[in-house]
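Please read this briefing alongside the sequence and the 3D view. It takes the topics one at a time.

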Amino acid sequence: MTSATTAHSVVEPSITTRRFAGSLVVLYAVITMIPLVWIMLTAFKSPDDAISYPPKVMFKPSLEGFCNLFTTRSRQTPEFIRSLGPPQGLCDSIARSRNMVVAGPSNYVPRFINSLIIAFGSTVLAVALGTLSAYGFSRFRVPLKDDLLFFILSTRMMPPIAVAIPIYLMYRTIGLSDTRLGMILLYTSVNVSLAVWLLKGFIDEIPREYEEAAMIDGYTRFQAFVKVVLPQATTGIAATAIFCLIFAWNEYAFAVLLTSGNAQTAPPFIPIIIGEGGQDWPAVAAGTTLFLVPIVVFTVLLRKHLLRGITFGAVRK
Amino acid sequence: MAEVEINAVSKAFGKTQALSDLSLTIGDGEFVALLGPTGAGKTTALRLIAGLEQPDSGSIRIDGRDVTGDAPADRDVAFVFQQYSLYPHLTVFENMAFALRAPTRRVPEADIRVKVQEVARLLHIETKLDNKATQLSGGQMQRVAIGRALVRSPSIYLMDEPLSSLDAKLRGELRLELKRIQVDLGATILYVTHDQTEAMTMASRIGVLEGGRLMQIGSPREIYENPINAHVAARLGQPTINLLPAALFGGAPAGAETIGARTEHLTIARGGGDVSATVKRVEHLGDQSHLHLDVAGRPVVTLADPETGFGAGDVVSLRLNKPLFFDARGWRVAA
């Protein structure tokens with residue numbers, strides 16, 4: 001559980017120690033941020049700047065990467081381009097400067113929407129199922145409880161990709177290949193074990209006296225669960241939801257294997273954005289940068305719940 | 001308010017027999033305390049009445065109706081827990097209104113407001129209604145916990161050591177308030193405690209539980225003066241009753257193996273008693289002193305007037321004054 005207290009050593013650390021520790025943290029943060037900064041900078045480079053060596057730190061920013069991410073283009077003769085009217089918007093004028101015209105939207109937006117639907121859908125489902133079964137495991141006498149819990153955990157012990165071929169064959173047979181529903185079910189089944197285990201810990205921490213009091217006060221068990229347990233489990237639910245979402249959002253291997261068109265998510269789509277003469281790195285970087293946004297927003301929104309130990313101080317042990 | 005009748009109820013958890021054949025009737029408007037050590041089955045008895053546990057055998061009737069198989073919500077009882085009593089995510093007002101807002105009860109919001117404020121005044125927490133439950137002191141939390149129950153008018157209030165987590169001063173204050181409220185409302189209360197003072201001062205009847213069995217039930221005076229066995233005798237009285245071999249003193253009735261001597265059964269003098277004893281230690285409590293004596297190698301604790309001026313090492317004499325007698329198995333033997 002999160003709580004306001006952390007372990008303190010008896011002796012206050014000296015200024016030097018604190019400065020050393022602080023600079024280590026900053027150093028670590030910088031090292032982990034470099035690839036992200038690199039991606040974000042590349043997103044605003046022109047294709048030539050993106051592959052120049054030595055790499056350019058200072059460059060003329062361009063939106064060509066974003067234009068190439070959202071559009072498909074076709075090469076035309078300069079005569080044909082001159083015969084057209086004035087360019088339609090920024091991307092069109094960038095394309096024409098390279099002797100191309102915008103042919104239509106790319107598949108990035110539909111792939112991104114697939115990602116949103118599949119990741120959030122499976123997260124909601126995994127957290128909902130996880131909360132209910134965690135509550136059941138926490139509060140009721142379930143036959144073979146320990147064995148069931150171990151079985152649920154054991155589904156996490158193998159790398160998911162180990163079952164890729166059976167799942168591929170199964171999905172093809174029952175018609176779930178390349179469907180959003182299929183991907184939601186798949187990610188839910190991977191995440192639900194994590195959700196059960198995480199949430200069981202959180203729900204175990206909530207004293208059952210709360211629900212008992214509610215049940216004596218005239219509530220059914222389900223009403224007591226909704227009114228008393230859920231509000232106190234928000235911290236755990238938020239943390240679990242973020243873990244589930246990050247997995248489903250970033251999942252690559254199954255997405256490559258099981259989706260090709262309709263239900264393809266962004267991760268398998270982004271790296272294969274091809275420009276003229278090979279990978280279109282600014283477009284790939286722009287796609288990756290935008291791909292980071294939902295997770296950041298979701299985490300920031302739930303941060304309040306993550307940090308708040310909601311029962312802290314209210315219970316007397 | 002109503003009469004609650006517990007009839008031959010037994011309950012085991014695995015191999016542990018928590019309650020054996022408990023029969024107890026709590027009259028309308030009566031304050032009954034169940035007194036016993038930890039693990040005696042006191043809390044189990046409350047939970048069975050509340051419906052949080054199902055008895056293995058026996059039945060429970062509330063107001064003449066058999067509720068043995070009913071869900072807690074259908075029994076019309078209120079429960080005050082020893083701890084974890086308040087919902088941390090709600091305000092004091094919301095905590096107290098919680099029961100009235102239950103979907104099955106459908107109390108109009110205006111009535112809820114009136115009722116909560118009335119009870120808050122009774123408990124002196126009317127200025128705290130908008131606080132979060134987590135912003136209260138221990139004593140205030142416990143008042144709110146009691147208030148949560150008082151907003152309802154259930155058949156019976158079940159209270160599980162509601163004062164035990166408080167400090168001594170608050171406990172004393174709330175004890176008086178609780179009794180006053182009970183008398184004012186004419187409430188039926190079953191109160192579980194291991195604190196003999198609470199049981200003695202508040203209850204009209206005390207039931208002494210030991211190892212899941214109801215040893216004796218009666219008025220506080222009856223339980224104190226006429227305990228049926230040594231267990232019950234040891235439950236009440238401060239300092240605890242001294243149990244001594246009957247052979248040490250003369251004049252025990254036939255069959256008596258043990259003499260039970262409370263402070264008032266012992267007369268201490270500087271000489272001329274039945275048995276001589278050595279003062280080992282004197283604890284000064286202010287208005288009186290605890291005298292730790294050694295009687296033929298057995299410890300005896302009794303009260304003494306500080307004026308008497310006994311000190312460690314003094315040899316005194318003891319005289320028994322209508323003590324209690326128990327047989328080899330601890331049962332009372334008539335004097």
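Which residue in strand 9 of chain B stands opposite B:A33? The residue is B:I206. The model is a predicted one.

**The six-stranded sheet of chain B**

- Strand 3 (residues 31–35) and strand 9 (residues 205–210) of chain B run parallel and are joined by 4 bridges.
- Both strands belong to an open sheet of 6 strands in chain B, ordered 6-7-8-3-9-10, with mixed pairing.
- Strand 6 and strand 10 (213–218) stand at the edges of the sheet. Each has a single partner strand, so one side of each is left without a neighbour in the sheet.
- On average, neighbouring strands of this sheet are turned by 20 degrees against each other, direction ignored.
- Helix 4 (residues 138–150) of chain B packs on the sheet, where it touches strand 6 and strand 7. The direction of helix 4 makes about 175 degrees with that of strand 6.

- B:L158 sits in strand 7 of chain B, which spans residues 156–160.
- Is B:L158 buried or exposed? B:L158 has 29 other C-beta atoms within 10 Å. The cut-off for a buried residue is 20 or more, so B:L158 is buried.
- Leaving out residues up to four places away in sequence, B:L158 touches B:L46, B:I49, B:A50, B:V77, B:A78, B:F79 and B:L190.
- B:V32 is 126 residues from B:L158 in sequence, yet the two C-alpha atoms are 10.0 Å apart in space.

**Where the two chains meet**

- On the chain B side, 24 residues are in contact with 21 residues of chain A.
- Strand 6 (residues 77–80) gives the most to that side of chain B, with 3 residues.
- The residues on that side of chain B are 17 nonpolar, 6 polar and 1 charged.

**Chain A as a whole**

- Chain A holds 15 helices and 4 strands.
- Why is chain A described as more spread out than a compact globule? Its radius of gyration is 25 Å, while the globule rule gives 20 Å for 317 residues. The value for chain A is well over the rule, so the chain is more spread out than a compact globule.
- Along the principal axes, the C-alpha atoms of chain A fill a box of roughly 85 × 65 × 40 Å.
- Of the 317 residues in chain A, 34% are buried.
- Among chain A contacts between residues at least 6 apart in sequence, 76% join residues at least 24 apart.

**Annotated stretches of chain A**

- An unreviewed UniProt entry carries the annotation "transmembrane region" for residues 20–41, 112–136, 148–171, 183–203, 224–249 and 281–302 of chain A.
- In the model, residues 148–171 of chain A are 62% helix and 0% strand. The end C-alpha atoms of this stretch are 26 Å apart.
- Residues 224–249 of chain A are 96% helix and 0% strand. Here the end C-alpha atoms are 33 Å apart.

**Backbone details**

- A:Y53 and A:P54 are joined by a cis peptide bond, with omega about -5 degrees. A:P54 lies in the loop between helix 2 (47–50) and helix 3 (64–70) of chain A.
- Another cis peptide bond joins B:Q238 and B:P239, with omega about 0 degrees. B:P239 lies in the loop between helix 8 (230–235) and strand 11 (242–245) of chain B.
- B:A8 is not a glycine, but its phi is positive, at about 50 degrees. B:A8 lies in strand 1 (residues 4–13) of chain B. B:A8 counts as exposed because it has 12 C-beta neighbours inside 10 Å.
- B:E161 also has a positive phi, near 40 degrees, in a residue other than glycine. B:E161 is in the loop between strand 7 and helix 5 (168–185) of chain B. With 19 C-beta neighbours inside 10 Å, B:E161 counts as partly exposed.

**An alternating strand in chain B**

- Side chains alternate along strand 13 (residues 266–269) of chain B. B:L266 and B:I268 point to one face and are buried.
- Strand 13 runs antiparallel to strand 17 (residues 315–320) of chain B, and 4 bridges join them.
- The bridge partner of B:L266 in strand 17 is B:L320.

Definitions and conventions
Residues numbered from 1 in each chain as written. Chains lettered and ligands numbered in written order. Predicted model: local features only at pLDDT ≥ 70, side-chain atom pairs only at ≥ 80, totals over all residues. Helix = DSSP H or I, 4+ residues; strand = E, 2+ residues; numbered from the N terminus. Contact = placed C-beta atoms within 7 Å. Nonpolar A, V, L, I, M, F, W, Y, C, P; charged D, E, K, R; others polar. UniProt positions renumbered as here; feature names shortened; annotations may be inferred. Pairing = 2+ DSSP bridges. Axes fitted to C-alpha atoms, helices over the stretch in contact; angles between N-to-C directions. Rg over C-alpha atoms; globule rule 2.2 N^0.38 Å.
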